[in-house]
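Work through the exercises below with the sequence and the structure side by side. Try each task before turning to its solution.

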Amino acid sequence: MKKTMALLLVLVLTLSLLAACAPKKEEASNESGQEPKVETIKIGVTMSSRDQFLSTLETAIKDSASSKENVEIIAFDSENDIQKQISHVGSFVSSGCSAIIVNLVNTDTTQEILNAAGDIPVVFVNRMPSEEILKSVDKASYVGSDEHEAGKLQAEFLSTYFKDKEAKELDYVLFMGILGLQNTNARTDSVKMGLEEKGFVLNKQFEDTAEYDRAMAMSKMQQFIGTGKKFDVVIANNDEMALGAIEAMKGANITDIPVVGIDATANAIVAIESGEMACSIFQDAKGQGAGAFEFAYTYATGEKAEKYGWVPFKIVSKENVAEYK
C-alpha cells in the first residue's frame, strides 16, 4: 500500500512539472520574436500635372507618408486630362485605398470625382473644389491657400513699388492661368481689385491666358512686345508664366519693368535674387502636401478630419528672398 501511494505521488509530481514547463501558445508566439502583422494603409494621389510647384507638393505628401511604417502611396499624373483623373480615382477604389488626395485638373469636376470615390474619403489639395458641394459631403476636405490673398498681396507689393508714381495709372500686362479654375479667377480678380482699392486706374494693354505654362507665356509676351505698346508692369497668376514673360523681355532688352508671380518656386527665387523678377507670392507647396497627407491619414485611420486646412501666402521680394533659399 505504501509503495502504491509513493508511486502515485511521484506520478502527480511529474505531471505537474510537465504542465508547468509546457509553453503556452501565446508565450511560444512571443518567443519567436515576430511582431504582429500591421495592415498597410493605401492612400491614392492624383495630380493635375507635375510642374515644379506641384512636384514639390507631391514629394511632400510622399515624405510625410514615409514617417509612417504602414502607409503606401499610389500616385499618378493626370497630365491635365479630366477623364484620366476620374479613372485614377476609380482605380484607387479598386486597389483598396482608404483615402484619396486629389489635385483637381478642373474644379468643375468636383462632383464627378466624389462620385468615382464612392464611400472613400477625399482630400482636395491646392485647387479649391466647389465649396457648395464640398460642404454637403461628410468625408471630404480641402487643404490649400486662400487664392484671393495671393492677388491681394501682389497688389500690396505693387502699390508700394509705384507709390511715387505721379499719375496713378498703370498700363498692365496680365497672364492668367487655366480659364475656369477657381484659383485663376481669384488671383486675377483680387490683384485688380487690390490695386483699384489703392487708388490706381488700370489700363489693360494685354490680358490673356497662358495656362500656367512658361513657354506659352514667353510666346505670347513676344507677340505683345512686337506691337510696340508701352506697359508699366507684368502680372502673372504663377511663376512659370512670369518667368516666360521675363525671357521674352530679356530678348527685347527690356529690363526695367517689374514682373510679379505667385508660388515662389526655386527658379523664381533665383530670378528675384538676380533682380529679374520683382516679387513672387510664396505658396507653401510642402505645407500643402504635408497637410493633405495628414488629413488623408486621419480619414484612413477612421477619424474625422477638419473641413479646411488653410496654408498662408507670403510676399517674397529682394528684401527677404534669402529666407526662402
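**Exercise 1.** How many cavities of 30 Å³ or more does a search of the whole structure find? Describe the lining of the largest cavity by residue, element and class.

*Solution.* The model is predicted, and a search of the whole structure finds one cavity of 30 Å³ or more. As a first step, take the size: the largest cavity has a volume of about 30 Å³. Next, list the residues around the largest cavity, which are Asp51, Gln52, Phe53, Asn238, Asp239, Glu240, Asp263 and Thr265. Then assign them to elements: helix H3 (52-65) and H10 are the elements that each give two or more residues to this lining.

**Exercise 2.** What is the volume of the largest pocket, and which residues lie closest to its centre?

*Solution.* The volume of the largest pocket comes to about 310 Å³. Its lining is made up of 19 residues, of which Pro258, Gly275, Glu276, Met277 and Ala278 are the closest to the centre. Turning to the elements, two or more lining residues come from helix H7 (147-161) and likewise from helix H10 (239-251), and H10 provides the largest share, three residues. A sort by class then gives eleven nonpolar, three polar and five charged residues for the lining of the largest pocket.

**Exercise 3.** Which residues have the most contacts inside the largest nonpolar core, and which element supplies the largest share of this core?

*Solution.* The largest nonpolar core consists of 32 residues, and those with the most contacts inside it are Val173, Phe175, Met221, Phe231, Val234, Met249 and Met277. At least two residues of this core come from each of strand S6 (169-176), helix H9 (214-225), strand S8 (233-236), H10 and helix H11 (266-274). The largest share, seven residues, is that of H10. To follow one member in detail, take Val173: leaving aside residues up to four places away in sequence, Val173 touches Phe206, Met221, Phe224, Phe231, Val233, Val234 and Ile235. Another core, of 24 residues, lies apart from the largest one and has Val45, Ile61, Ile101 and Val143 among its members.

**Exercise 4.** Where do Glu79 and Tyr212 lie, and why does Tyr212 count as buried?

*Solution.* Begin with the backbone: Glu79 has a positive phi of about 55° although it is not a glycine, and Tyr212, also not a glycine, has a positive phi of about 65°. Now place each residue along the chain. Glu79 is in the loop between strand S2 (71-77) and helix H4 (82-94), while Tyr212 is in the loop between strand S7 (201-209) and H9. For the last step a cut-off is needed, since buried means under 20% relative accessible area; Tyr212 has a relative accessibility of 10%, and therefore counts as buried.

**Exercise 5.** What does the secondary structure of the protein come to, and what percentage of its 325 residues is buried?

*Solution.* Counting the elements gives twelve helices and twelve strands. Of the 325 residues in the protein, 46% are buried. For the surface, the protein exposes about 16700 Å², of which carbon and sulfur atoms supply 51%.

Definitions and conventions. Residues numbered from 1 in each chain as written. Predicted model: local features only at pLDDT ≥ 70, side-chain atom pairs only at ≥ 80, totals over all residues. Heavy atoms only, no water. 1 Å grid on protein atoms, 1.4 Å probe; cavity = no way out; pocket = protein on both sides within 12 Å on 5 of 7 lines; lining within 4 Å. Points joined across faces, edges and corners; volume = space filled by probe spheres on them. Helix = DSSP H or I, 4+ residues; strand = E, 2+ residues; numbered from the N terminus. Nonpolar A, V, L, I, M, F, W, Y, C, P; charged D, E, K, R; others polar. Core = buried A, V, L, I, M, F, W, Y, C linked by side-chain atoms within 4.5 Å. Buried < 20%, exposed > 50% of the residue type's maximum accessible area, 1.4 Å probe, protein only. Contact = heavy atoms within 4.5 Å. Areas by Shrake-Rupley, 256 points an atom, 1.4 Å probe, with all protein chains shown as cover.
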